[in-house]
Amino acid sequence: MKVLLDTDVLLDVALRRAEFYPDSAAVLSWAEQHPGEIAVAWHTLANLFYLVRPDARGFIADLLEFAEVPATGTQAMRAALGFSMRDLEDAMQVAAASEWGARYIITRNLADFRKSPIPALSPRQFLSLKD
């Protein structure tokens, strides 16, 4: 089942956010057991690098052992601009997920993905669905 991870799920793990870590870490554990079934958008990696201090290179390198980065470009960005979504960064996630053929986007930010053409699930929802 191909899914795209939103930045917040990865930040939960990289920053060990206590409240969200267990579910987000379980999603990444699933992904490690299913290489090629998970993707992250190109811009997500830049966001991780910027937000995870002192250096997220190791986290990103480990992630790329089992996660894909969908090829996106001008057409995907045009698609993102055309989505009826308030947040452009979220629309870019949807465009990347669409390019890659993801079935779901895994995020804690469900409200901002209500108008997404690709359904969004929380980490907990995804974990219960895949069982």
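Here is a short walk through the structure above, from its sheet to its helices and rings. The model is predicted, so local features are taken at pLDDT of at least 70 and side-chain atom pairs at pLDDT 80 or more, while totals for chains, interfaces and linings use all residues. Residues are numbered from 1 along each chain as its sequence is written, and side-chain values use heavy atoms, without hydrogens or water.

Let's start with the sheet. Five strands make an open sheet with parallel pairing, in the order β3-β2-β1-β4-β5. Strands here are DSSP E runs of at least two residues, helices are H or I runs of at least four, and both are numbered from the N terminus; two strands pair if DSSP finds at least two bridges between them. β3 (67-68) and β5 (120-121) are the edge strands, each with a single partner, so one side of each has no neighbour in the sheet. Further in, β1 (residues 3-5) and β4 (residues 104-106) run parallel and are joined by three bridges; V3 has Y104 as its bridge partner in β4.

Now for helix α1 (residues 7-14). Seven of its eight residues are buried, so α1 is largely enclosed by the rest of the structure. Buried means under 20% relative accessible area, against over 50% for exposed and in between for partly exposed, using a 1.4 Å probe and protein chains only. The buried residues of α1 are T7, D8, V9, L10, L11, D12 and V13. After α1 comes R16, with a positive phi near 50°.

How do α1 and α2 pack? Their axes are 8 Å apart, at an angle of about 105°. Axes are lines fitted to C-alpha atoms, for helices over the stretch in contact, with angles from 0 to 180 degrees between N-to-C directions. The two helices are therefore roughly perpendicular, a label for angles of 65 to 115 degrees. V9, L10, D12 and V13 of α1 meet Y21, S24, A25 and L28 of α2, where contact means heavy atoms within 4.5 Å.

Finally, the rings. There is one aromatic pair, counted when ring centres of Phe, Tyr or Trp (its six-membered ring) lie within 6.5 Å. W30 belongs to helix α2 (residues 21-33) and F126 to helix α7 (residues 123-130), 96 residues apart. Both W30 and F126 are buried.

Definitions and conventions
Phe/Tyr/Trp six-rings, centres within 6.5 Å; stacked < 30°, edge-to-face > 60°. Parallel < 35°, antiparallel > 145°, perpendicular 65-115°, else oblique.
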